[in-house]
Amino acid sequence: MDKKLKQFGIKSIVVLLLIHLAYFIYGYFQFAGIKNINIYTEFYRFKFYDDVSISHFFVSGLFLLLFLIFLLRNHTRQAYSTLNLVKIGGVILLISFLSFSFFISYSFGLNAKLKTELPETDFNTDKALLNVLNPFLYNYTSYSSEKLFNPENILYPKPYPVIKGTEFINYDSNGSEYAIEEHRYFSIDTLKLLTSTYEKVNNKADSVFNILGFDKEELAKRIISKKVIKDSTEVVFKGREVNPDYDGDICIFLQNKKLYAPIHGIPVEKQQYQNAVERYKLLYKYKPDSLLYSFQKLDTLLKKYNIETQIHPKLLTKDAFYYRDNNRAPLNGIRNTYDRAALKDKFNTLEKLFYEPNYLHPSIMMIFFTVILVVWLILFLFYVSWNYKNKKQIDKI
């Protein structure tokens, strides 16, 4: 490959990069804002009818036409080896790709503006607030769900979390026998001791079990798991019985550990525990103004994302404390009305835009690469045939 052809290739790539920069800037300023993001929002896909697609078609076509004209006119009189032809083919392939990928730079511009308007730290702050307040945000019918709201989801304070034990108690009434299923909850405790000591106490009664409050046989029934760690044995077992339904410091809002939107980079279990601690403090430790302030931030968040809402922080705070103090009251009047589907769709979309962006949408991927390969083949065949023709004419002279 001679020097002039190299310079021509470099100049062509530089021109293409400048066009890419122009599309990036255009995408940056075309971003419509987080208020307008919805489930149909995605980074730009070629639509064949809007200004980006139309301009893309003409800019790509004009550039490739001029590139081919100058290539055939000024750089087709050399005798190239097979290796050089492969290098030239590679450069033409790169130029073909750059010529048809301006819309990808447009998407990068959209992404850059998104993260300027909503930095990841702010997005995580919003998710943290929603995670803490998540148990207050359900429709009233959801509070009857044993999957979402049950004592096993309580993570704080001690002795929680708990594990459920099920027993069948047999009764005999008027000569007929029947069994009743009874649920009991136990704290999850850990006993860690030297393996040698554990083996001794496992074979005969020992004062350790008396300290725990039950004998060896009872402990055997309560063992959840047993694990050997180096020279020690760790036994996880059901500890003392707990009655969440009659616990004055436990209400239904603490019986949900589900995260509204997990924060990336932090273990889910750690987030769940931290949210449980904060939620408990808002309900039982802090002054009511703290929960009110949290609901005010929630109201601001919903408006920030353009979510239709009828939440009134003062009324919602009043409801939260009413149902905290009346745990057995049917929870059918909590005033937390807002467009739940829209908020969920908004956050699901933002999650994709932040962490799974489709700069090249799957629906056009096959067409995109097919067009590049076809154009590359046409340009390369034109170059090879033109170069061969000109070289023969020079040889005759």
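## Aromatic cluster and ring pairs

Phe-123, Tyr-260, Tyr-305, Phe-347, Phe-354 and Tyr-355 form a cluster, linked by ring pairs. The model is predicted. Across the whole structure, a search finds 26 aromatic pairs. One of them joins Phe-108 and Tyr-359. Phe-108 belongs to helix α4 (residues 102-117), while Tyr-359 sits in the loop between α12 and α13 (362-396). The pair therefore ties together parts that are 251 residues apart in sequence.

Phe-108 has a relative accessible area of 40%, so the residue is partly exposed. Tyr-359 has 17%, which is under the 20% cut-off, so this residue is buried.

A second pair is made by Tyr-138 and Phe-149. Here the ring centres are 5.3 Å apart and the planes stand at 75 degrees; the pair is therefore edge-to-face. Both residues lie in the loop between α5 and β1 (162-173), 11 residues apart. Tyr-138 is buried, and Phe-149 is too.

## Tyr-143 and its surroundings

Tyr-143 is also placed in the loop between α5 and β1. Its relative accessibility is 7%, so Tyr-143 counts as buried. Neighbours within four places in sequence are left aside in the contacts that follow.

Asn-256 is 113 residues away from Tyr-143 along the chain. The C-alpha atoms of these two residues are separated by 9.7 Å.

## Helix α5

Helix α5 covers residues 120-133, 14 residues in total. From first C-alpha to last, the helix reaches 20 Å. That is close to the 20 Å expected at 1.5 Å a residue.

The buried residues of α5 are Phe-123, Asn-124, Asp-126, Lys-127, Leu-129, Leu-130, Asn-131, Val-132 and Leu-133. They pack against three helices: α9 (268-285), α10 (288-304) and α12 (340-355). Phe-123, buried in α5, is also a member of the aromatic cluster.

## Helix α2

Helix α2 runs over residues 51-74 and has 24 residues. At 1.5 Å a residue it should span 34 Å. Its end C-alpha atoms are 34 Å apart, so expectation and model agree.

Ten positions need listing by name. In α2, Val-52, Ser-53, His-56, Ser-60 and Phe-63 are buried. Leu-64, Phe-67, Leu-68, Leu-71 and Leu-72 are buried as well.

## Nonpolar surface patch

Ile-10, Val-14, Leu-18, Leu-21, Ile-25 and Phe-29 make up a nonpolar patch on the surface. Together they have about 600 Å² of accessible area. Ile-25 lies in helix α1 (residues 3-30). The relative accessible area of Ile-25 is 40%, so the residue is partly exposed.

## The chain as a whole

The secondary structure comprises 13 helices and four strands. The chain has 397 residues, and 40% of them are buried. It exposes about 23300 Å², of which carbon and sulfur atoms supply 58%. Contacts between residues at least 6 apart in sequence were also classed by separation. Among these, 76% join residues at least 24 apart.

Key. Residues numbered from 1 in each chain as written. Predicted model: local features only at pLDDT ≥ 70, side-chain atom pairs only at ≥ 80, totals over all residues. Heavy atoms only, no water. Helix = DSSP H or I, 4+ residues; strand = E, 2+ residues; numbered from the N terminus. Expected span 1.5 Å × (residues − 1). Buried < 20%, exposed > 50% of the residue type's maximum accessible area, 1.4 Å probe, protein only. Patch = residues over 30% accessible without salt bridge, like charges linked within 9 Å, V, L, I, M, F, W, Y side chains within 5 Å. Areas by Shrake-Rupley, 256 points an atom, 1.4 Å probe, with all protein chains shown as cover. Salt bridge = Lys/Arg side-chain N within 4 Å of Asp/Glu carboxyl O. Contact = heavy atoms within 4.5 Å. Phe/Tyr/Trp six-rings, centres within 6.5 Å; stacked < 30°, edge-to-face > 60°.
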